[in-house]
Amino acid sequence: MRFAGKVAIVTGGAGGIGSASAKLLAEGGAEVVVADINRDAGRAVAAGIVEAGGRASFHAVDVTSYESVSNMVEDTVTEFGQLDIMFNNAGVFGDGQLDLMEIPIEEYQRTVHINQDGIFYGIRAAALAMKNRGGVIINTASIYAYIADRKQLPYHATKAAVVGMTKAAALDLAKYNIRVVAIAPSMIDTPLIDRWRADERVWNSIRKSQMRQQFGTPEEVAQVVAFLASDEASFVNGHAFFVDDGAAAFKR
Ligand SMILES: NC(=O)c1ccc[n+]([C@@H]2O[C@H](COP(=O)([O-])OP(=O)(O)OC[C@H]3O[C@@H](n4cnc5c(N)ncnc54)[C@H](O)[C@@H]3O)[C@@H](O)[C@H]2O)c1
């Protein structure tokens, strides 16, 4: 069991990538705190892990509030004695498809609060909990940190910030034996991309634009998260890992 004795928090744990990662970490023996703003779905994920024989609990969190994130980390350490793996994964796509001259300022700020501030709060709170025994912090970025599409400026801005914060945090936290890494997925079949699912023509055209004409699955992303969280990735630090079937590597 590669995560035996480890304690992990997964934010966005009720969602596609978060729930698949929480399950895989628990299968590896970790005590997993499934954290999300969506209480019903988060509780269901934690209950499913327990039913399958794993150890998990739910903690409500709103990552736009440092107090909420900090309380979640402190409660975890109080209950389980430590924090070894922090997966800062909660995120939103935002309204999307908005011309930059029309993006409501509130929409831009909401995306920044969740996708950027939320990651910083998670890094900071986890670092305080990990500084005496080390640990791993994994942040969810996106290939959209590196390549741009039209009318998605807030998402691009925040995901690029996640990559920048990952590098800066890895440097600052190295002396505490805390590794900080990111993942950069392409199109993964989760509720985040539901907005396109209803229109079969649009859905198929997005699917066909992928390298092998298929979406990634949350489970495929979770495998990379688990690797990065494990001691097998002990020399991996400060970088984002692409989980994109090559989407960011080639001109489309
Ligand atoms: N699905 C994709 O194609 C894709 C691609 C690249 C990156 N990502 C990133 O992966 C991460 C997970 O997304 P997903 O695809 O699993 O989508 P998802 O919508 O299934 O999961 C996102 C989760 O974040 C939670 N969340 C939203 N706001 C929150 C807040 N303020 N506090 C706490 N939790 C909050 C939601 O309730 C949800 O459970 C996101 O950061 C997303 O940007 C997704």
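The model is predicted, so local features need pLDDT of at least 70 and side-chain atom pairs count only at pLDDT 80 or more, while totals for chains, interfaces and linings use all residues. Residues are numbered from 1 along each chain as its sequence is written, and side-chain values use heavy atoms, with hydrogens and water left out.

**Helix pairs**

Helices (H or I, at least four residues) are DSSP runs numbered from the N terminus. Their axes are lines fitted to C-alpha atoms over the stretch in contact, with angles from 0 to 180 degrees between N-to-C directions.

| Helix pair | Axes come within | Crossing angle |
|---|---|---|
| H4 (residues 105–130) and H5 (residues 153–173) | 9 Å | roughly 15° |
| H3 (residues 66–80) and H4 | 9 Å | roughly 30° |
| H1 and H7 (residues 218–229) | 8 Å | roughly 50° |

Angles under 35 degrees count as roughly parallel, over 145 as roughly antiparallel, 65 to 115 as roughly perpendicular and the rest as oblique. H4 and H5 are therefore roughly parallel to each other, and H3 and H4 are likewise roughly parallel, whereas the angle between H1 and H7 makes H1 oblique to H7.

Contact means heavy atoms within 4.5 Å, and residues in the contact of H4 with H5 include Tyr108, Ile119 and Phe120 of H4 and Leu153, Val162 and Met165 of H5. By class, this contact has 15 nonpolar, four polar and one charged residues, where Ala, Val, Leu, Ile, Met, Phe, Trp, Tyr, Cys and Pro count as nonpolar, Asp, Glu, Lys and Arg as charged, and the others, Gly among them, as polar.

H3 also passes H4 in a right-handed crossing, and among the residues that make the contact are Tyr66 and Val69 of H3 and Tyr121 and Arg124 of H4.

**The largest pocket**

H1 (16–27), H4 and H5 each give two or more residues to the lining, which divides into 21 nonpolar, 12 polar and three charged residues.

Terms used: Left-handed = near helix turned anticlockwise from the far one by under 90°.
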